[in-house]
Amino acid sequence: MTGNSIRRSGSAPPSPPGVSGRVIESLDESECLRLLGGARVGRLGYTGREGPNVVPVVYKLHKESIVFHPLEGTFTEEDLRTGIAHAEYEVAFEIDQIDPYTRGGWAVVVVGSAHHVDTEAERASIVNAGGDPFPWPEAKTAPLMRIQPVHIRGRRSYLP
């Protein structure tokens with residue numbers, strides 16, 4: 001991905017009532033990827049058979065895509081199967097870190113296509129990737145999904 005692939009909205013949203021002087025800045029793609037690479041748990045948003053869902057998932061960043069494993073036998077795994085070979089499902093993925101006292105922090109949102117990792121070659125490239133700071137033993141046997149980002153955006157909020 002290139003730095004031009006991030007979609008940015010026009011102006012920053014207003015500060016909450018009673019919080020003046022708050023700075024809200026857009027994060028560039030490299031900073032978003034750095035934050036994604038340093039976390040372990042995110043939130044997956046998708047539309048399932050019962051409507052919109054948001055669920056926490058354990059993930060890792062692999063070659064600028066997000067790889068996670070849905071819990072076997074859950075609605076998440078079933079809802080994200082299209083029934084069409086090589087079809088993908090549009091999802092949103094979010095991580096954040098917020099200080100409840102200052103209400104400052106950051107958030108990164110990824111929108112992209114998710115697909116099941118069904119080939120052994122793709123699975124092996126994920127499981128055997130070096131440099132991962134987190135051990136992920138369940139990835140060797142659990143079903144895996146990969147989100148290929150289409151849009152990445154991030155914001156940081158703080159008081160100067």
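**Labels and their grounds**

Mentor: The model is predicted; the protein chain averages a pLDDT of 80, and 71% of the residues score at least 70.

Trainee: Where in the protein chain is confidence lowest, and where is it highest?

Mentor: Helix α2 (residues 75-79) is lowest with a mean of 66, and helix α1 (residues 29-37) is highest at 96. Over residues 1-13 the pLDDT is below 50, although this stretch has 21 contacts in the model beyond near neighbours in sequence. Where pLDDT is low, the predicted coordinates should not be read in detail.

Trainee: What makes Glu25 and Arg156 a salt bridge?

Mentor: The closest N and O atoms of Glu25 and Arg156 are 3.2 Å apart, and the cut-off is 4 Å, so the pair counts as a salt bridge. Glu25 lies in strand β1 (residues 23-27) and Arg156 in strand β7, so the bridge ties together parts 131 residues apart in sequence.

Trainee: Why is Glu25 called partly exposed?

Mentor: Its relative accessibility is 27%. Buried requires under 20% and exposed over 50%, so Glu25 falls in between and counts as partly exposed.

Trainee: Which label does Glu94 get, buried or exposed?

Mentor: Glu94 has 18% relative accessibility, and because the limit for buried is under 20%, Glu94 counts as buried. The side chain of Glu94 meets that of Arg43 in a salt bridge, at 2.6 Å from N to O. Arg43, at 36%, counts as partly exposed.

Trainee: What is the distance for Asp96 and Arg43?

Mentor: The closest N and O atoms of Asp96 and Arg43 are 3.1 Å apart, and they form a salt bridge. Asp96 is in strand β5 and Arg43 in strand β2, so this pair ties together parts 53 residues apart in sequence.

Trainee: How many salt bridges does the structure hold?

Mentor: Six.

Trainee: How do you know that the buried residues of helix α3 (residues 120-127) are on the same side?

Mentor: Those residues are Glu122, Arg123 and Ile126. They cover an arc of only 100° around the axis, which puts them on the same side of α3. On the other side, Glu120 and Ala121 are exposed.

Trainee: Which residues have the most contacts inside the largest nonpolar core?

Mentor: Leu36, Phe93, Ile95, Val108 and Ile147, in a core of 23 residues. Beyond its neighbours within four places in sequence, Ile95 is in contact with residues including Leu35, Leu36, Tyr59 and Trp106.

Note on methods: Residues numbered from 1 in each chain as written. Heavy atoms only, no water. pLDDT = per-residue confidence, 0-100. Helix = DSSP H or I, 4+ residues; strand = E, 2+ residues; numbered from the N terminus. Contact = heavy atoms within 4.5 Å. Buried < 20%, exposed > 50% of the residue type's maximum accessible area, 1.4 Å probe, protein only. Arc of directions from axis to C-beta. Core = buried A, V, L, I, M, F, W, Y, C linked by side-chain atoms within 4.5 Å.
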